Amino acid sequence: MTPADMTSVLRFAAAICCLWVCSVVCVVQSGSRDTDDAIWLLERELMATSNSSQLLMVPLTLIQGAASKGAVCLDGTLPGYHLHRGFGSGANRWLIQLEGGGWCNTRRNCIFRKTTRRGSSNHMEKVLAFTGILSNKANENPDFYNWNRVKLRYCDGASFTGDSEDQSSQLYYRGQRIWQVGMEELRSKGMQKAEQALLSGCSAGGLASILHCDKFKQLLPVTTKVKCLSDAGMFMDAVDVSGGHSLRNMFQGVVTVQNLQKELSTTCTKHLDPTSCFFPQNLVSEIKTPMFLLNAAYDAWQVQESLVPPSADRTGSWKACKSDHSHCNSSQIQFFQDFRSQMLNAVKSFSTSTHNGLFINSCFAHCQSERQDTWFAPDSPKLYGKTVAESVGDWYFDRKTVKAIDCPYPCDKTCHDLTF
């Protein structure tokens, strides 16, 4: 192993260690487990078992001059991104991935968030591993490996959407401006000449790719082939196990605290309340740019935070089930089947467009494009014999129509399920 390789491994290990400490602090602060950090740690543990010396480590670039435009993280620090340049046939092709990581829905929550990597660039990892859809290896990322690949860091707490501030708490809700300066920066780096472009994102970033998809297309020349991918961004306005609406309450807090009303789709807000217009099920059918929805039918984050949050399971009767679905009884599994049905109903209109694509597998997973084992590997999840990477590539390059919807659990034996 070369000294440079060793340095990358040490940096990677340090990032994992740092996050573990942060996760412990989150537990102490909130009194409950941070699902986003738990999933992040599970993914990093998987990554650490691979050959770390072969990981592509990409440095963080802060956007100089962003502060003068009011485009700052929650704590007022500069936003940033990681860029790995394309080469060969991909030199003028761009893939932008919007980072995820939940939301802050109260002032107190946002104040804490600005002490973490999700609210301050002071706490962001200085290098990130590019894997899955961001990999630069053809045998790991067959269609996008030689594109310009970017991860735009997430530090505003509202899916790159807000444009307000709370002076009394020194909180800057500037996600919309971060999006704008990020795109300006990348255009200056060559994206304005893009022949092909794909806006992607995972989780809260997957929601952001839905919210910004049409705006992204408008930024690029009319000759550019532009499409969008939302991975694990199909957050449903669902009823939790107690009959409440935990995710709606959370989203209502985000919309209220960050004053998002004026930033949301006017097509939607003309006939629905602002909180409803933060839910993808009320947005995806109106998007004009071709969109691909990649989602687990039993999304692991939504199981933990929307369907069975601690506040809805006071007796703990769901604790074993939500940690590992193999411990669920028949009525609990039926509850999850009803959730799957709701998701499939929500995408019916969306799926009628010949330009749109779907890959909805019956797994208890989350963010399948970022992880190498779920994106493209020998044992990756498959639908109709195709991996996620192959399905997205077939759709993007118009090789074939992709409307892949799995049969209900437990028929799929290719899942890489998350257990907590």
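In this predicted model, Glu184 has a relative accessibility of 41% and therefore counts as partly exposed. The side chain of Glu184 meets that of Lys69 in a salt bridge, with an N to O distance of 2.9 Å. This pair links distant parts of the chain, since Lys69 sits in the loop between strand S1 (56–62) and strand S2 (80–84), whereas Glu184 belongs to helix H4 (residues 175–188), 115 residues apart. Lys69, at 45% relative accessibility, is likewise classed as partly exposed.

Asp163 lies in the loop between strand S5 (148–152) and strand S6 (164–166), and Arg174 in the loop between strand S7 (171–173) and H4, so the pair ties together parts that are 11 residues apart in sequence. Arg174 has 9% relative accessibility and counts as buried because this value falls under 20%, while Asp163, with a relative accessible area of 21%, is partly exposed.

Arg174 also meets the side chain of Glu165 in a salt bridge, again with 2.6 Å from N to O, and Glu165 is partly exposed at 35% relative accessibility. Elsewhere, salt bridges that share partners join Asp37, Glu99, Arg117, Arg118, Glu125 and Arg153 into one network.

Definitions and conventions:
Residues numbered from 1 in each chain as written. Predicted model: local features only at pLDDT ≥ 70, side-chain atom pairs only at ≥ 80, totals over all residues. Heavy atoms only, no water. Salt bridge = Lys/Arg side-chain N within 4 Å of Asp/Glu carboxyl O. Helix = DSSP H or I, 4+ residues; strand = E, 2+ residues; numbered from the N terminus. Buried < 20%, exposed > 50% of the residue type's maximum accessible area, 1.4 Å probe, protein only.
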